[in-house]
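Student: I have a model open and want to go through its contacts and fold. Can we start with the charged pairs?

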Amino acid sequence: MAAVVAVLGVAGCSSGDEGTAYPAQASVSSASQQAMASQLPPRPAELPIAGTDPCELLGQAQFDALKVTSVPRKAADPPDGPTCVLDANQTEPFHAFHLRVVGADLQEWLIGARRKNSMTTTPTSVEGYPALANYRASGTPSDCEVLVGVAKGQTLASQAFAITAGGFSRPQLCELASKAAGLAVQDLKVRS
């Protein structure tokens, strides 16, 4: 009987860090996700990005603003669409970015197939466009993704990763991801 209780006790927890257990979060209800979706601001204009190389969305001035020190490179096997990898590894704390062009509507992360109960998704805006911050609320902060609904069925994803463990708080990572997304949206506005 004690073994069953121990197994059931462990089944209710997840581990973000080795040796640190925390209770698994209850899933957010569909109704509250629908409410979040309705809070997103409308798109001020369509900024189509289908077929865009995300490595061409930022120039040297933007790389400098993000402290990117590497040559942008395409991800080898991106699962979601074209992805550009940018490293900021000249001074600590080190971090990296992924910029992705995703052929899915922003709503998919709230009420569609891309919704994950293990992720915290909060509405925001980037350069006046509807956006979501998407991250794991538990465990040591390792990344934050900002998703921007730039056009119907098209999302620009900007993800900031902490390379130096413990070098960034979750709000700092979300701020970095939002900054990169904002710079990319500014470029898209100029192109349109």
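**Salt bridges, sheet and last helix**

Tutor: Arg-114 forms a salt bridge with Asp-80, and their closest N and O atoms are 2.8 Å apart. A salt bridge here is a side-chain nitrogen of Lys or Arg within 4 Å of a carboxyl oxygen of Asp or Glu.

Student: Where in the chain do Arg-114 and Asp-80 sit?

Tutor: Arg-114 is in the loop between helix 4 (108–111) and strand 6, and Asp-80 is in the loop between strand 3 (73–74) and strand 4 (83–88). The two are 34 residues apart, so the pair links distant parts of the chain. Helices (H or I, at least four residues) and strands (E, at least two) are DSSP runs, numbered from the N terminus.

Student: What kind of model is this, and what got counted?

Tutor: It is a predicted model: local features need pLDDT of at least 70, side-chain atom pairs count only at pLDDT 80 or more, and totals for chains, interfaces and linings use all residues. Residues are numbered from 1 along each chain as its sequence is written, and side-chain values use heavy atoms, with hydrogens and water left out.

Student: Back to Arg-114 and Asp-80. What are their relative accessible areas?

Tutor: Arg-114 has 27% and is partly exposed; Asp-80 has 22% and is also partly exposed. Buried means under 20% relative accessible area, exposed over 50%, and partly exposed in between (1.4 Å probe, protein chains only).

Student: Which residue meets Glu-145 in a salt bridge?

Tutor: Arg-100 does, at 2.7 Å from N to O. Glu-145 lies in strand 8 and Arg-100 in strand 5, so this pair ties together parts 45 residues apart in sequence.

Student: Are Glu-145 and Arg-100 buried or exposed?

Tutor: Glu-145 and Arg-100 are both buried. Together with Asp-80 and Arg-114, they are linked in a network of salt bridges.

Student: How many salt bridges does the count come to?

Tutor: The count is 8. One of them joins the side chains of Lys-189 and Glu-127, at 3.5 Å from N to O. Lys-189 is in helix 5 and Glu-127 in the loop between strand 6 and strand 7, 62 residues apart. Lys-189 is partly exposed at 34% relative accessibility, and Glu-127 is partly exposed at 34%.

Student: New topic. In what order do the strands of the sheet run?

Tutor: The open sheet has 7 strands in the order 3-4-5-9-8-7-6, with antiparallel pairing. Strand 3 and strand 6 are the edges, each pairing on one side only. Two strands pair if DSSP finds at least two bridges between them.

Student: How many bridges are there between strand 7 and strand 8?

Tutor: They pair over 4 bridges, in the antiparallel sense. Ala-133 stands opposite Val-146 in strand 8.

Student: And helix 5: what does its length look like?

Tutor: Helix 5 covers residues 170–191, 22 residues, and should span 32 Å at 1.5 Å a residue; its end C-alpha atoms are 32 Å apart, which agrees. The expected span is 1.5 Å times one less than the number of residues.

Student: Which residues of helix 5 are buried?

Tutor: Among them are Leu-173, Leu-176, Ala-180, Leu-183 and Leu-188. What covers the buried residues includes helix 3 (60–66), strand 5 (95–102) and strand 8 (143–151).

Student: What about the whole chain?

Tutor: The protein chain has 5 helices and 9 strands. Of its 192 residues, 41% count as buried.

Definitions and conventions: Contact means heavy atoms within 4.5 Å.
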